[in-house]
Structures are given as structure tokens and as C-alpha cells.
Amino acid sequence: MVQAPDTGLAQETVKMAQPDSKKIFFENLSGAGKAIAVLTSGGDAQGMNAAVRAVVRMGLYVGAKVYFIHEGYQGMVDGGENIKEATWESVSSMLQVGGTVIGSARCKEFRSHEGRLKAAHNLVQHGITNLCVIGGDGSLTGANLFREEWSGLLTELVEQGSIEADAVQKYSALHIVGMVGSIDNDFCGTDMTIGTDSALHRIIEVVDAIMTTAQSHQRTFVLEVMGRHCGYLALVSALACGADWVLIPEMPPEDGWEDKMCQKLSATRSRGTRLNIIIVAEGALDRHGKPITSSFVKDLVVKCLGFDTRVTILGHVQRGGTPSAFDRILASRMGVEAVLALLETTANTPACVVSLCGNQSVRLPLMECVQMTQEVQKAMDEKRFEEAVKLRGRSFENNLKTYKLLAHRKPESELPTSNFNVAVLNVGAPAAGMNAAVRSAVRVGISEGHKMFAVSDGFEGFYKGQIKEIKWADVGGWTGQGGSLLGTKRTLPAKYVDKIAEQMRENNINALLIIGGFEAFLSLLELLTARGKYDEFCVPMVMVPATVSNNVPGSDLSIGADTALNAITTTCDRIKQSASGTKRRVFIIETMGGYCGYLASVGGLAAGADAAYIYEEPFDIRDLQANVEHLTEKMKTSIQRGLVLRNENCSENYTTDFIYQLYSEEGRGVFDSRKNVLGHMQQGGAPSPFDRNFGTKISAKAMQWITKKLVESFRKDEGRVFANTEDTCCLLGMRRRALVFQPVVQLKGDTDFVHRIPKEQWWLKLRPLMKILAKYKTSYDVSDSGQLEHVVRNRPRESDASVAM
């Protein structure tokens, strides 16, 4: 799915030998006669409820019995009312609830043999031999130990007379599948753990609010965020808000950091900035193992600079609140994958953890991930900090390098001098995260020695000559701004290509970075064609996808789509809540996206929709009638609210009004209906942490590609850049697990130009998930599932700045 606010690959994975992948449908995987229990353990994390809901509903869907184990391992040890059978309705209305409704507790008793013996007895009494554990590395390690001891525990229970002798054979193996629920994102083997993205939302909401008051009073704020052993939250939030300084446990600052930090803060103020933000992870240390506290940093700033300084400790705010769209989708996908893993497991299958790699769900041996996670802590304890950063994965390492590149400006004397001019512009509709991408491009470009030019109002501003040089300080504070500060228009260049060529020549533009949606893709194709007539366009050109519709060919994700998904999810939560305590009601919600059904489908999965109508999956009046009848049946139970999403262009005739009237008429006497068109609120608002981070990293990579192509295509004898090959006009997109540069001409065959969508879209595989969780009978292709992989150490790449997705 959508990934990841952070979008980097935490660890490389290597597929184990498998037979040739065939199309398999999970209907062949029956859960009849099996009992699955789900528990949450350790610290709570937003999104755990979405995972519990997915496990329960998928388990029931395949015919298994599903049990809640309340209060984590403590409930397993205590038994009794703590182990209850789950029903479909028992997980209704929990998708949007933070924390874990089945409770979580740390259990000392389970660490003892006697405690695990009690737990085994309680599970056998309910016939449970399949456990889905949602927690951190400690919880998962405990589950694996329990599994290894299982047969011995049963033998001991028989000797005590607690269970019958045939139970040993009947319940001979305990199967374990883990999902990582932790806001710290400190587990190796997965890009993102459940709860991390939501915690970043809480942090960024606070930072954005603090920035306004800090600016008013010219204050410095020191923010302390969670992360006793892992600096992920501190690092990514610093990257997402453009903080002046960040302190994390994996990379303690060099001796003398106090003076360097104060010099940096002073230099920032001298350029006219009215505030400073310093982010400190709670586990931050110096090189000698001495803790660096937020109060110490505050006293240091006051003493050395005399700045008015305040400390804000976010604390458990980071664990609270509703889960983000990303966490709901991640948890739902992981929950379904966990049940599939349990259905396919055998006595010889090692305990596995369901992980996220790019936008793919994978299964990794649980103990390999735990051991790698423990290696990170060992490296930190032994002060092998460079190795600790590498062990965290290429994602973490790249975040750190990108932050240093963008936050700390080198002196002019240390900058390379390339004498190249690079122009950056936004094209198409505005999308949250565009400004973060522009900021990143400008600062990386300056660091590479280029002179950066900003073009206002897209190609319309280009041909009118609205081009000016943009400096490092000009993009300060842009990361958290929504919309497009450069201005953006849908105007395509073909009509004004002669005037644009003239502006390219007058301003000596040697490369173009275009940030935008489908119009940006069309623009690149037109400029590529214009190379035959105008040498001015024989320069490196690259596009970074940015559109809420997520309809750009060549990329699974676009900047802005995550922010739009969160807007849809939050609005749907409020709309559903408006019916709380009233009679049964169904809401028809219209989303944006043109002909692309990404927002409706993935938004529907995040919001718990009963149906989502999209252009890519044709429907007729019989399908509408079946949906009404399905909702009518559900409404006769305890479920009080229904949610239906409709993509704005899904059908010319089955309009939002038509569907609303149909539901109103056919549901008469059982439920009433309401409709809502979300409109441009999906394009507005501050960008989500994911879009800020994604925009920053993908734009930095695009600028480094430009630098490489400029060097390759510079003709010394002519004193100019000349690039006219296909591979110098590219789109940088995320494909499955990697960021890939693709020549735009090669993407033409993958594109439906009439409807402005790619011919193949990965997220269509998620639609059956939404239907299953809404209790529809459907087919679900699991040919990508069941591939157990190994986690291996991070390997060095040719480019330090590579962004692995």
C-alpha cells in the first residue's frame, strides 16, 4: 500500500527459493476447524485496532474461529473472561479508534515457565493453536519462545492431569505470526511499523502549531519526542518540519557540538528567520554516553545566545489520537496477510513477522528480524555509531544524509562551482508536499554548486518570463506549507514552445525539474518532441509526480495523495460519527481523482467503506442493487452506519445524485441516506508527514540525477550542455520497492491518454480487501503472498544518496 511516510527500505530482503508463482485465490485456503487468537502486547500504537479488526474479519471469512485475548500476555496467563470469541460485529466502529480496545499489558508472569504453562493450558481449553501477536520485539520474542516450548508444555500439562493425553497430538504445534506495533519504528525488517505514521502526525501537528507562536515572539523551541533507543521519530520529524538541529541516539554529535549548534542558530537568525526549532529524542546521548536532555539544550541556548527559549515535551500525546490513513491501510493489509500466513503454515514453518517493503507486504523469519534489531542496540552500546545507522537500514541512513544536506548549508568557499543553471517549476493542480519538493530541489541544487531558478505559474509563467533566481534562505519554512508557493497552472508547453525556448536561451537554463501531475507528464512528452526543432530543450529534464489523484504512469505513489487520503478519512470519520445515536444511515461520499479510483478505493479501505465505485471496475444497476441489499442485511444487525464512496468520474450515468436517490428509495424503512461531495478540501491543508518526507527525498534524488546528467552531457569543446537521448528526459517514480528513473517515451505504451490514467495500477489488488472486510464474497489473488524472505544486512550502494523504497 501507501507507505510510508517514511518511504525508504529499512532492510534489504532476499527471496527464498519458491516454485514459479501461480495465480492462487485464497478460497482454496480454508480455515475451517482452526482457531485463531489475536492479542496486543507491550506499548500501544495507533492502528492496532485496525489490525485486530482485519485479523478477526479475515479469520471469520475463511471459516475459522477467532478469539480476542484481552490485556495481552497477562490475559493469556489469567485466562477466564480474558479469552473471548470474537464476532463480526464486535470489531465494528473500531477502525478509527486509537490505542487498542482489547487492552495491552506488560506481563512478568509470562516470562516464567510457570506463567507460560498456565497460558498453554488456557489456549488448549479453547482449542487455540494459531496466535497473531501485535507488539514490539520483546512481545514477538516471547511468542517465539512460547512456540518453541509448546510441545514440552503440553506434555507437562498431561503429566499434571490438566489436559487429556490426546490433546498433545490434537494440538501438537503452535503457529505464530507477528505484526509490529510500535510508534518508534525500531524493528528491523520492515519499512514502517504500525503506529509510526500516526505518531509523526501528532508530532508535526504540534510543531506546526508551535512555529506560529515561536515566530510571533522570535523564540527558540526545544521539542523532546519519544525514542529511548531509536531516533526515527526525531529524525523524520526534523526532516519534515525543517528543524535547525536534531539529536538522536544512533548518531551522537561530535565533541564541540554545542558551539556548532549555537553558531548554526545564530546564522539562521542573522538571515532574518524569526524562530529556531531543535528536536531531541528522549534517548539522545553525547559521544561519551552522557544523556543530552531537552532542558540541557535550552539552558545552553539561553547561556550562549541569550535567545528566548522554551521546552515542549510531547510525551504520550504521540501515542494518542486516531490512526492516520497510512496506519489503517498498513494494519488492515498486515492483518489479512497474517491470517493467510497462519492458514498456510506447517509444523516446520518458522514463526514469521508480516512486514512492509516498499508498497509490498512480505513475510520474514521473526527471529532474524529480532536479532538484527538487537544488533543495532549492541552497536550503539559499543559506540559503533556508523554501523548502528547502517544496521537501521538504507531508509534511516538516507534520512540522516538528506537532513544534513538540507539543514546545514556549507560555506560558499566549500561549494563546488558547476556554472549550471537549473530551473524548477510546478505544473498541473496544486498538491500538498509540492513546496517540500521545491525546497529540497533548491537546497540540494545549491549544495551541488548549481544556480537555481524558480519559474512561477508553470509553463504559463515560463513563456511570460516569470523566472528568477532562488536562494537557500528563500525556501526556509516551505516544508509545512500546503498548495504551491511557486504557483501552478495546467497550461501545456506545446502552444508556446518557441517563447519557452527563447526564455531557456535568455536565462541559459541547462536543466529542468518539473513537479506535477498528469499535465507534467504530458509536458515532458511535448518538450521531448520539441528537441527536434529547438536545441534549447536538449538538456536533462526530469519529472517528480505530485498530484492528489495518484494517476501518473510510472509511479505507484505521488506527492499529495497521502494528504488527500487523510483528508478523506478524517472527513468520513466525522460524517459517520454524525449519525451516532440516530437511526440507521448510509452516507454516499464523492471523492476527487478524475478517472483514477485510487482515492475512492484506498480511502474506502482506510475509512471502512462498504463499497467504492470507480471507473476502473465497471458496474451496473445490478451491482448497485446488490450493494443496497447487502447493506440492508447488515443494518438489520447491530451495525448502524454504512459508508459508500464514489469516484467523481466513475460513471457518466450513475451519478452521485442517482446513487443517493437509489439508496434512499431501496433502503426505505431500513435506513435513510445522505450525500456529501468532498471537493477541493482534498487538495488543501498542510502536507502530511509522509508527503513532506516523500517530496523531500524524491526531489533530492532527482536533483542528484540532474547533476550526473549535466556532467555527462556537457560538451567542453562547444562549452554547452547537449542531451538528446531518451534517458535524459525521465520520470522519477516509485515502482514496488524502488525509486526508478524511466524515460517518458517508454511510458507512453503504459498510459491511457483518454482517461489520463496508467493502464495497470497496483492498488486495484487492494479492492478485494475492502470487500472482504465489508463482508462481501469475492476473490482475492494471493499469488504475491506466501513468499518467505530473509532479512540481510544493508549493502553499500554506488551512490550514498540512493533512496531505496
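Helices in this note are DSSP runs of H or I with at least four residues, strands are DSSP runs of E with at least two, and numbering starts from the N terminus. The model is predicted. Here are my points, colleague to colleague.

1. Let me start with a loop residue. S93 sits in the loop that links β4 (83-85) and α3 (113-125). The phi angle of S93 is near 60 degrees, a positive value for a residue that is not glycine. With a relative accessible area of 44%, S93 is partly exposed; that label covers the range between the 20% limit for buried and the 50% limit for exposed.

2. K383 counts as partly exposed, at 46% relative accessibility.

3. Is H70 buried or exposed? H70 is buried, its relative accessible area being 19%. This residue belongs to the loop between β3 (65-69) and α2 (72-78). Leaving aside residues up to four places away in sequence, H70 touches G75, E81, N82, K84 and I102. The C-alpha atoms of H70 and A105 are separated by 9.0 Å, while the two residues are 35 residues apart along the chain.

4. Now to the sheets. Seven strands build an open sheet with mixed pairing, in the order β4-β3-β2-β5-β6-β11-β12. At its edges stand β4 and β12 (360-365); each has a single partner strand, so one side of each lacks a neighbour in the sheet. On average, and with direction ignored, neighbouring strands of this sheet are turned by 25 degrees against each other.

5. Within that order, β2 (residues 35-40) pairs with β5 (residues 130-135) in the parallel sense, over five bridges. Helix α4 (residues 137-160) lies across β5, β6 (175-180) and β11 (352-357), and runs at about 160 degrees to β5.

6. There is also an open sheet of four strands, ordered β8-β9-β7-β10, with parallel pairing. Its edge strands are β8 and β10 (309-313), each of which pairs on one side only. From one strand to the next, the twist averages 15 degrees. Helix α6 packs on this sheet and touches β7, β9 and β10, its direction making about 165 degrees with that of β7.

7. Why can β9 (residues 276-281) be called largely enclosed by the rest of the structure? Six of its six residues are buried, so the strand is largely enclosed; the cut-off behind this is a relative accessible area under 20%. Both faces of β9 are covered, with N276, I278 and V280 buried on one side and I277, I279 and A281 buried on the other.

8. β7 (residues 220-225) runs parallel to β9 and is joined to it over six bridges, with L223 opposite I279. β8 (residues 245-247) is also parallel to β9, the link here being three bridges. In this second pair, W245 faces I278 and L247 faces V280. Together with helix α8 (residues 257-270), β8 and β9 make a right-handed β-α-β unit.

9. Helix α6 (residues 196-217) packs against helix α7 (residues 232-241) at an angle of about 50 degrees, and the axes are 10 Å apart. The two helices are therefore oblique to each other, since that class takes in the angles left over once those under 35, those over 145 and those from 65 to 115 degrees have been assigned. Their crossing is right-handed. On the α6 side the contact is made by T196, A199, L200, I203, I204, V207 and M211, and on the α7 side by Y232, L233, V236, S237, A240 and C241.

10. The other pair joins parts that lie in quite separate residue ranges: α13 (residues 394-407) and α22 (residues 689-713) cross at roughly 75 degrees, their axes coming within 11 Å. These helices are therefore roughly perpendicular to each other. From α13, S395, N398, N399, T402, L405 and L406 meet N693, T696, K697 and Q704 of α22.

Key
Residues numbered from 1 in each chain as written. Predicted model: local features only at pLDDT ≥ 70, side-chain atom pairs only at ≥ 80, totals over all residues. Heavy atoms only, no water. Buried < 20%, exposed > 50% of the residue type's maximum accessible area, 1.4 Å probe, protein only. Pairing = 2+ DSSP bridges. Right-handed = clockwise from strand over helix to strand, strands pointing away. Axes fitted to C-alpha atoms, helices over the stretch in contact; angles between N-to-C directions. Left-handed = near helix turned anticlockwise from the far one by under 90°. Contact = heavy atoms within 4.5 Å.
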